[in-house]
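The sequence and the structure are shown first, and the description follows.

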Amino acid sequence: MTDSPTEGSTSSFSRRSFCAAGVAAVGLVALGGAGYLAFADGNQVWLRPPGAVDEAHLLARCNRCGRCIQVCPYHLVQPRPLSWDFPTVGTPELNFKEGYCDFCMKCVEVCPTGALNFDAPSATNIGVAKVIRDVCIAWDWGGCTVCADVCPVEGAITLDEHGRPHVDETLCDGCGLCEHDCPAPSLRAYDRSTVDGGIYVVSRQSQAAAEAGAISSDAFAAGRNVLNPKESSHE
């Protein structure tokens, strides 16, 4: 088990990102909610902080104030960057480069609009970890047990008879510690043909989450941020 992330971690929340979030908020207000309506028929989904009900709920309520981003002690909550997908710009998204989520719930506590709330299923379960079989060291070369060793939830990640990790999706809470500690990004730094890591946390609403067991990097890339058609909005 690795040490918990500390408040001394270097934040990747730049002034430029904060300004972008502010610009997005002003734009959405000026549009009178048109941004959300434009997204309503979309099919994208992002890994959100604890307390998010679903994409429609968050986008309908989030005013891009940035409080959840500023309060996260581990700098995991980041604003969605400027992109063609304007309705999501400035909304909170999780990034496990700096650490993992211990469900401190500070982001939920400071949310002024109810976009994040304690009653949402994600308050205790952010998402699910997916093993990328053609990138995972244990699946490709063998010998790596890092994700199973560091997982704080007993039984959520186990090794099969070949020493390959498997995720029990009913136990995984999406904390991101496995993603943060996975050594594949450094060991495969030379390989630009695949995603960097051997394991990633995704939204349970995504197509990638619906794939059974370990998946290929192509399937992961194609379904990571795509809404599973079988998922219906709770809005």
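What volume does the second largest pocket have? The volume of the second largest pocket is about 320 Å³. Of its 19 lining residues, Ala-52, Val-53, Ser-122, Arg-204 and Gln-205 are the closest to the centre. The lining of this second largest pocket divides into 8 nonpolar, 6 polar and 5 charged residues.

## Overall architecture

The model described here is predicted. The protein contains 11 helices and 6 strands. It has 235 residues, and 49% of them count as buried.

Contacts between residues at least 6 apart in sequence were also examined. Of these contacts, 70% join residues that are at least 24 apart.

## The largest pocket

The largest pocket has a volume of about 540 Å³. It is lined by 21 residues, and those closest to its centre are Asn-95, Lys-97, Glu-179, Tyr-200 and Arg-224. By class, the lining of the largest pocket comprises 11 nonpolar, 5 polar and 5 charged residues.

Several elements contribute to this lining. At least two residues each come from strand 2 (92-94), helix 8 (177-181), strand 6 and helix 11 (217-223). Strand 6 supplies the largest share of the lining of the largest pocket, with 3 residues.

## The nonpolar core

The largest nonpolar core has 56 residues, and the members that touch the most others are Leu-116, Ile-157, Val-167, Ile-199 and Phe-220. Strand 6 (residues 199-202) provides the largest share of this core, namely 4 residues.

Which residues are in contact with Ile-199, leaving aside its neighbours within four places in sequence? The contacts of Ile-199 are Ala-129, Lys-130, Val-131, Ile-132, Cys-147, Ile-157, Val-167, Cys-178, Glu-179 and Cys-182. Two residues in this list, Ile-157 and Val-167, are also named among the core members that touch the most others. Glu-179, another contact of Ile-199, is one of the residues closest to the centre of the largest pocket.

## Salt bridges

Side chains of opposite charge can pair when their charged atoms come close. How many salt bridges does a search of the whole structure find? The search finds 4 salt bridges, and three of them are described here, one after another.

Glu-55 forms a salt bridge with Arg-48, with the closest N and O atoms 2.8 Å apart. Both Glu-55 and Arg-48 are buried. A salt bridge also joins the side chains of Arg-80 and Glu-93, at 3.1 Å from N to O. This pair links distant parts of the chain, for Arg-80 lies in the loop between strand 1 (77-79) and strand 2, while Glu-93 belongs to strand 2, 13 residues away. Arg-80 and Glu-93 are both buried.

The side chains of Asp-160 and Arg-164 meet in a salt bridge of 3.0 Å, N to O. Are these two partners buried or partly exposed? Asp-160 counts as buried because its relative accessibility is 18%, under the 20% limit. Arg-164 counts as partly exposed because its relative accessibility is 24%, between the limits of 20% and 50%.

Gly-143 and Arg-164 are 21 residues apart in sequence, and their C-alpha atoms are 8.5 Å apart in space. Gly-143 is located in the loop between helix 6 (137-140) and helix 7 (146-150). Gly-143 counts as exposed because its relative accessibility is 74%, over the 50% limit.

Notes:
Residues numbered from 1 in each chain as written. Predicted model: local features only at pLDDT ≥ 70, side-chain atom pairs only at ≥ 80, totals over all residues. Heavy atoms only, no water. Buried < 20%, exposed > 50% of the residue type's maximum accessible area, 1.4 Å probe, protein only. Core = buried A, V, L, I, M, F, W, Y, C linked by side-chain atoms within 4.5 Å. Contact = heavy atoms within 4.5 Å. 1 Å grid on protein atoms, 1.4 Å probe; cavity = no way out; pocket = protein on both sides within 12 Å on 5 of 7 lines; lining within 4 Å. Points joined across faces, edges and corners; volume = space filled by probe spheres on them. Nonpolar A, V, L, I, M, F, W, Y, C, P; charged D, E, K, R; others polar.
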